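Please keep the structure in view while reading.

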Amino acid sequence: MAKKTLRIGTRASQLALWQANWVKSELEKRYPDLEVTLTKIKTQGDKILDVPLAMVGGKGLFVKEIEEAMLRGEVDIAVHSMKDVPTVFPEGLALRCITAREDVRDICILKPGFKSFRDLPQGARIGTSSLRRKACLLQVRPDFQMVDIRGNVETRIRKLTEEDLDAVVLAAAGMKRLGFGNQISEYLPVDVSLPAIGQGALGLESRIDDDETNELIDFFNEPETAAAVTAERALLARLEGGCQVPIAAYGTVEEERLTLSGLVASVDGSEVIQGQVEGPVAEAGQLGVSLADDLLIRGAGRILNAVYGVETFHPNKEDV
């Protein structure tokens with residue numbers, strides 16, 4: 001009998017390959033007779049490296065081409081960083097599993113001689129491609145000069161020196177997965193830099209009707225992380241969020257209760273609308289929508305309308 005093969009679609013970046021190879025290794029350990037292969041696919045987000053993500057626009061910059069390959073039957077599953085995954089899927093595809101999270105925090109790599117971003121000099125130059133990170137840090141240090149940097153983790157670390165930056169800000173998860181944990185200068189508390197939706201978790205996407213593959217990968221799903229990320233993504237979907245606006249959310253689960261924190265900020269960080277809700281894990285999606293509506297009522301709608309340039313959101317409670 002021919003050995004069953006499962007094909008994983010992945011981006012070719014160092015971090016994406018680490019993630020895909022980790023899934024491959026876990027599958028091979030669980031199913032010794034399964035042959036797992038990787039198919040590297042270049043996405044639009046990989047091709048456009050000289051433009052800030054917020055200016056590229058659109059959703060699915062790092063997943064669309066992989067999803068198209070899955071729909072054509074060229075790969076069986078896709079492994080994504082959850083923070084890259086849109087809230088709407090093409091017909092026939094679905095998010096099947098969400099893995100246990102790595103460290104959700106953001107981190108700083110500081111110029112030698114400094115121990116904290118708070119100690120950096122007036123007007124310090126901070127490298128990041130994330131509007132969310134910019135807004136969060138500018139709320140604390142409005143004097144910072146934010147510098148757009150793109151590229152893989154190693155490239156962004158290197159730009160600390162190449163572009164004479166005082167600090168670069170990245171996700172702890174990627175640093176740890178790639179073995180760069182010893183280069184982390186400071187972990188940013190979540191009350192300073194609230195994580196991106198889904199940060200630290202991986203998502204496995206597959207064809208809805210591929211029962212055999214879905215049964216093979218179901219063991220990856222971690223219920224508490226899945227509930228937290230479901231709430232975060234429900235908030236994002238309600239706010240119709242994309243790369244053009246700073247939106248953050250972070251859910252935690254304890255004894256079947258889910259606590260969800262979220263924020264919407266102006267691009268310059270001068271205005272930040274924050275909130276928190278708590279409720280049963282079983283109501284994760286509803287909690288995300290509820291927090292989103294609360295943020296909209298308290299000023300997020302006005303911020304989003306200004307960013308999107310349309311009156312999508314109305315400030316009156318009865319319109320939300």
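A residue counts as buried when its relative accessible area is under 20%, with a 1.4 Å probe and protein chains only. By that criterion, 54% of the 320 residues of the chain are buried in this predicted model.

**Chain as a whole**
- The secondary structure of the chain is made up of ten helices and 13 strands.
- When contacts in the chain between residues at least 6 apart in sequence are considered, 67% of them join residues at least 24 apart.

**The five-stranded sheet**
- An open sheet is formed by five strands, which follow the order S2-S1-S3-S10-S4 with mixed pairing.
- Strand S2 (35-40) and strand S4 (93-98) each have a single partner strand and stand at the edges, so that one side of each is left without a neighbour in the sheet.
- From one strand to the next, the twist averages 30°.
- Within this order, strand S1 (residues 5-10) pairs with strand S3 (residues 77-81) in the parallel sense over two bridges, and isoleucine 8 has isoleucine 77 in S3 as its bridge partner.

**The second largest pocket**
- The second largest pocket holds about 190 Å³ of space, and its lining consists of 16 residues, with Val190, Asp191, Leu194, Ser261 and Gln274 lying nearest its centre.
- By class, this lining comprises seven nonpolar, eight polar and one charged residues.
- At least two lining residues of the second largest pocket come from each of helix H5 (131-140), strand S11 (247-254), strand S12 (257-265) and strand S13 (272-280).

Definitions and conventions: Residues are numbered from 1 along each chain as its sequence is written. This is a predicted model: local features need pLDDT of at least 70, side-chain atom pairs count only at pLDDT 80 or more; totals for chains, interfaces and linings use all residues. Side-chain values use heavy atoms; hydrogens and water are left out. On a 1 Å grid over the protein atoms alone, a cavity is a set of points where a 1.4 Å probe fits but cannot get out, and a pocket is an open set with protein on both sides within 12 Å along at least five of seven lines; lining residues have an atom within 4 Å of a point. Grid points are joined across faces, edges and corners, and a volume is the space filled by probe spheres set on the points. Helices (H or I, at least four residues) and strands (E, at least two) are DSSP runs, numbered from the N terminus. Ala, Val, Leu, Ile, Met, Phe, Trp, Tyr, Cys and Pro count as nonpolar, Asp, Glu, Lys and Arg as charged, and the others, Gly among them, as polar. Two strands pair if DSSP finds at least two bridges between them. Axes are lines fitted to C-alpha atoms, for helices over the stretch in contact, and angles run from 0 to 180 degrees between N-to-C directions. Buried means under 20% relative accessible area, exposed over 50%, partly exposed in between (1.4 Å probe, protein chains only). Contact means heavy atoms within 4.5 Å.
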